[in-house]
Amino acid sequence: MPILKKYDIIFIVSLYNRGDESVKKIYFLITAVFCTALLSACEKKKSETILNPDGKLDKCTLRFSWWGGDDRHKATLEAIELWNTIHPEIEIVPEYGGWDGWTEKVSSQISGGTEPDIMQINYDWLVTFSPDGNGFYDLNKLDSQLDFSSFDKEVLSFGKVNGKLNAVTVSVTGRGLFYNADVYRRIGAEFPRTWDELIALGDIFDRENLYPLDLDIQSGGTAWYLSIVYVQQTTGREFISMNGELGFTAEDIKSALDFYIEMENHGVIRNIQTRTDEDGNAALYQSPEFIGGNVAGVLEWGSSVGKYESVLLEGTLQAGPFLTSENGRSGGWMIKPSMLYAVSKHTKYPDEAAAFMDFMLNNKDCARILGTTRGIPASGFAEESLEQNGLLTGLSHECDSMLEKLDTVTISPYMELPRMKEFYNTAIEQVSYNLCDTKTAADEMHNSITKYLSRFKGENG
C-alpha cells in the first residue's frame with residue numbers, strides 16, 4: 001500500500017481548495033486510487049508478520065522455548081536465525097531440550113513467573129496451568145499481529161479455555177506404527193494389519209532374536225497407549241472423556257493390561273526388565289537396540305517420528321497400517337494437537353511475541369525451513385508452502401493421511417496429565433514384573449484415576 005506523507009496530503013488538499021473543476025477531478029482521482037489501494041491491502045490475506053499500526057514493533061529480546069529431537073532443534077534454530085535477520089530489533093533467544101523433564105522445568109518457571117515470552121506447550125498444559133483461561137495471554141487480543149484466517153475453526157478451538165484463546169494449534173497428530181522395512185524384508189515378514197497379526201509376529205521375530213515392535217516406557221504413557229486403542233476399538237468406549245470423566249470400567253482396564261502382557265509373552269515387545277537391562281533409562285529412539293535394528297518397530301506421534309528416522313543406522317523407517325480388528329473395525333485410534341504455541345501472560349512485549357508466533361505459524365519461508373518437524377502444519381499458509389515446494393512428504397505426512405481415513409477419537413487433555421501417566425506406568429510395571437495380577441492392577445488404577453480426576457477438577461474447576 002502506498003504511504004502518504006504529510007506533504008502529499010497537503011498537496012491533495014490544496015488541489016481541492018483551488019476550486020478549478022479540472023483540478024478537482026485530479027483530486028478525486030488521486031483520492032480514489034488511494035482508497036482502492038487501502039481497501040485492497042485490508043482485504044488481502046496476511047501471510048507474513050504484521051506490524052503495529054505505527055508501522056514498527058518495539059526493540060526487545062524475547063525468549064522462545066520448545067522441546068523435541070535434533071531434527072526439530074536444527075530446523076527451529078534456522079528459522080530463528082531467519083527471523084533475527086529480518087527483525088534484528090526483536091532478538092529471539094532459544095531455549096530447548098528433550099521431552100524428559102521438560103514439563104517439570106516449565107512448570108517451575110510458570111510458578112515463579114519466569115516462563116519464556118513464547119512457548120511451545122503440550123495439550124494438557126491448558127487444563128494444568130490455565131483451567132480458567134487466565135494462565136496464558138488471551139491471543140484474541142493480539143489479532144492485529146496473528147492471522148487465523150487459514151486455520152480450521154475446530155482446530156483453533158483446541159486452544160480455547162473459558163472463551164479465551166490461550167494457544168494456537170501448530171499441527172494435529174496421532175500416534176502411528178513405524179517399522180524398519182529392511183529388517184522386515186530380511187526375515188520375510190509383512191507389516192501387521194490386525195491385532196492378531198501383530199501378536200503372531202512375535203514368534204516369527206523371536207527365531208531371529210529380534211522384536212517386531214517396542215513401546216517406550218520412558219515416553220509418558222506410550223506403553224499404555226496401544227492397549228487403550230485396542231480396548232476402545234473392541235468396546236467402543238473412550239478411556240477418558242473430554243471433560244475428564246473415566247470412561248473405562250475396571251474390567252476394561254484389565255483387558256488393556258491383559259493385552260499388554262500378551263504382547264510381552266509372545267515376544268512382540270521386550271518386557272520392562274529386558275528393556276531396562278539393555279537400555280537403562282534411555283528413551284527408545286536413543287536405544288542401541290532400536291538404532292541397530294534389533295527392535296524393528298515403534299509407536300510414535302507422527303509429528304515426532306523424525307527423531308527415530310534420523311538416528312537409524314540400519315534400514316529405512318516406513319509407516320505401517322493402523323491396526324484393526326479381524327472384522328475390519330478401525331476405530332479407537334486417537335488424535336490431538338501435537339503441540340500449541342502460547343504467549344506468557346507476564347510478557348512485557350505481547351505484540352512482538354505474537355508477531356514472532358505468526359512468523360512461526362504462517363510465514364512461507366519459515367514453513368520451508370521447519371518442514372514437517374512439528375507435523376503437518378495446521379496453518380493453511382504453511383501447508384500450501386510445503387506443498388508448492390514438494391515438502392509435503394515423509395513419515396509425518398503418510399501418518400496424517402492414513403489417520404484422515406479413520407474414525408478417530410480426540411484425546412482428552414486430562415489423559416496426558418503427568419500424574420495420570422504415572423498411574424499408567426505403575427500398572428504396566430506391576431504386571432510386567434509380575435508383582436500382581438492384571439485384575440489387582442486394574443482395580444488399583446481405576447480407583448486412583450477416579451479419585452485423582454475428581455480432586456483435580458475440584459481444585460481447578
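Me: Contact means heavy atoms within 4.5 Å. With that settled, which residues in α18 meet which in α19?

Reply: This is a predicted model, so take what follows as computed from it. From α18, Arg419, Met420, Phe423, Tyr424, Ala427, Gln430 and Val431 take part. On the α19 side they meet Thr438, Ala441, Glu444, Met445, Ser448, Ile449, Tyr452 and Leu453.

Me: How do the residues of that contact divide into nonpolar, polar and charged?

Reply: There are 10 nonpolar, 3 polar and 2 charged residues in the contact of α18 with α19.

Me: And at what angle do α18 and α19 pack?

Reply: About 170°, with the axes 9 Å apart. Here α18 spans residues 418-432 and α19 spans residues 438-460. Angles over 145 degrees count as roughly antiparallel, and that makes α18 roughly antiparallel to α19.

Me: What about the loop between them, where's Asn434?

Reply: Asn434 is in that loop, between α18 and α19. Its phi is positive, about 60°, although Asn434 is not a glycine.

Me: Which other Asn has a positive phi without being a glycine?

Reply: Asn162, at about 55°. Asn162 sits in the loop between β4 (160-161) and β5 (164-165). At 62% relative accessibility, Asn162 counts as exposed too.

Me: Switching to α16. Which of its residues are buried?

Reply: Phe381, Ala382, Ser385 and Leu386, in a helix running over residues 380-388.

Me: Why do those end up on the same side of α16?

Reply: Around the axis they cover an arc of only 135°, so they share one side of α16. As background, an α-helix has 3.6 residues a turn, so residues three or four places apart point the same way.

Me: What covers the buried residues of α16?

Reply: The cover includes α14 (350-362) and α15 (364-370).

Me: And what does the face turned away carry?

Reply: Two exposed residues of α16, Glu387 and Gln388, are on the face turned away from its buried side.

Me: How about the ends? What does Ser379 do at the start of α16?

Reply: A side-chain oxygen of Ser379 comes to within 3.3 Å of the backbone nitrogen of Phe381. After the helix comes Gly390, with a positive phi near 65°.

Me: Another serine now. Where is Ser344?

Reply: In the loop between β9 (334-343) and α14. Ser344 counts as buried because its relative accessibility is 1%, and the limit for buried is under 20%.

Me: Which side chain makes a polar contact with the side chain of Ser344?

Reply: That of Glu115, at 2.7 Å. A polar atom of the Ser344 side chain also lies 2.9 Å from the backbone nitrogen of His346.

Me: Leaving aside neighbours within four places in sequence, what is Ser344 in contact with?

Reply: Glu115 again, along with Pro116, Asp117, Met119 and Tyr137.

Me: Zooming out, how many helices and strands does the chain have?

Reply: The chain has 19 helices and 10 strands. Of its 461 residues, 53% count as buried.

Me: And what share of contacts between residues at least 6 apart joins residues at least 24 apart in sequence?

Reply: That share is 75% for the chain.

Technical notes
Residues numbered from 1 in each chain as written. Predicted model: local features only at pLDDT ≥ 70, side-chain atom pairs only at ≥ 80, totals over all residues. Heavy atoms only, no water. Buried < 20%, exposed > 50% of the residue type's maximum accessible area, 1.4 Å probe, protein only. Helix = DSSP H or I, 4+ residues; strand = E, 2+ residues; numbered from the N terminus. Arc of directions from axis to C-beta. Polar contact = N/O pair within 3.5 Å; in protein donor to acceptor, adjacent residues only side chain to side chain. Axes fitted to C-alpha atoms, helices over the stretch in contact; angles between N-to-C directions. Parallel < 35°, antiparallel > 145°, perpendicular 65-115°, else oblique. Nonpolar A, V, L, I, M, F, W, Y, C, P; charged D, E, K, R; others polar.
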